[in-house]
Amino acid sequence: MVLNMSVLKEKIKSVIFGTTTPAGKAFDIILIVSILLSVALVMFDSIEAYNVKYGKTFYLLEWTVTIFFTIEYILRIYCVRIPTSYIFSFFGVIDLLALIPTYLSVLFPGAEIFSVIRVLRVLRIFRV
């Protein structure tokens, strides 16, 4: 069982951190599209006319992207040898800061002002 978990970790690591494998390339493309979608959502949601008309759709899409990024963040922590090396790395901190505003908006009504921080997700493109 331990061997299988090790194999699973290595497979996840090769997809998430690898850029030479087909799965790694596909993951990077999905990640870039998700980042751009997230930034576009923040921009369009800040325009009142779009917010009134598409607010519920933006909300659903934002949560979908946030859940995807949360799973990705957890998998990155899971598959590295020393989890704190990723958590406290530049991109680990950026990833966490990009996730926090969406979760804060649920816990603290009115915390939507922090949604601008989600734009930090665009910095993640430099990792890819």
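The chain folds into five helices and zero strands, where helices (H or I, at least four residues) and strands (E, at least two) are DSSP runs numbered from the N terminus. Read along the sequence, the pattern is α-α-α-α-α. The model is a predicted one, in which local features need pLDDT of at least 70 and side-chain atom pairs count only at pLDDT 80 or more, while totals for chains, interfaces and linings use all residues. Residues are numbered from 1 along each chain as its sequence is written, and side-chain values use heavy atoms, with hydrogens and water left out.

A look at the whole chain comes first. Of its 128 residues, 32% are buried; here buried means under 20% relative accessible area, exposed over 50%, and partly exposed in between (1.4 Å probe, protein chains only). The chain exposes about 8,200 Å², and carbon and sulfur atoms supply 76% of that area, as computed by the Shrake-Rupley method with a 1.4 Å probe, only the protein chains shown counting as cover for residues. Among contacts (heavy atoms within 4.5 Å) between residues at least 6 apart in sequence, 59% join residues at least 24 apart.

Beyond its neighbours within four places in sequence, Tyr-73 touches Tyr-86, Ile-87, Gly-92, Asp-95, Leu-96 and Leu-99.

A polar atom of the Ser-34 side chain lies 2.8 Å from the backbone oxygen of Ile-30. Leaving aside neighbours within four places in sequence, Ser-34 is in contact with Val-65, Phe-68 and Phe-69.

The surface has a nonpolar feature too. Phe-44, Ile-47, Tyr-50 and Tyr-54 make a nonpolar patch of about 350 Å². Patches are made of residues with over 30% relative accessible area and no salt bridge, with like charges joined within 9 Å and nonpolar side chains (Val, Leu, Ile, Met, Phe, Trp, Tyr) within 5 Å; a salt bridge is a side-chain nitrogen of Lys or Arg within 4 Å of a carboxyl oxygen of Asp or Glu. Tyr-50, in helix H3 (residues 48-79), is partly exposed, with a relative accessible area of 36%.

Technical notes. Polar contact = N/O pair within 3.5 Å; in protein donor to acceptor, adjacent residues only side chain to side chain.
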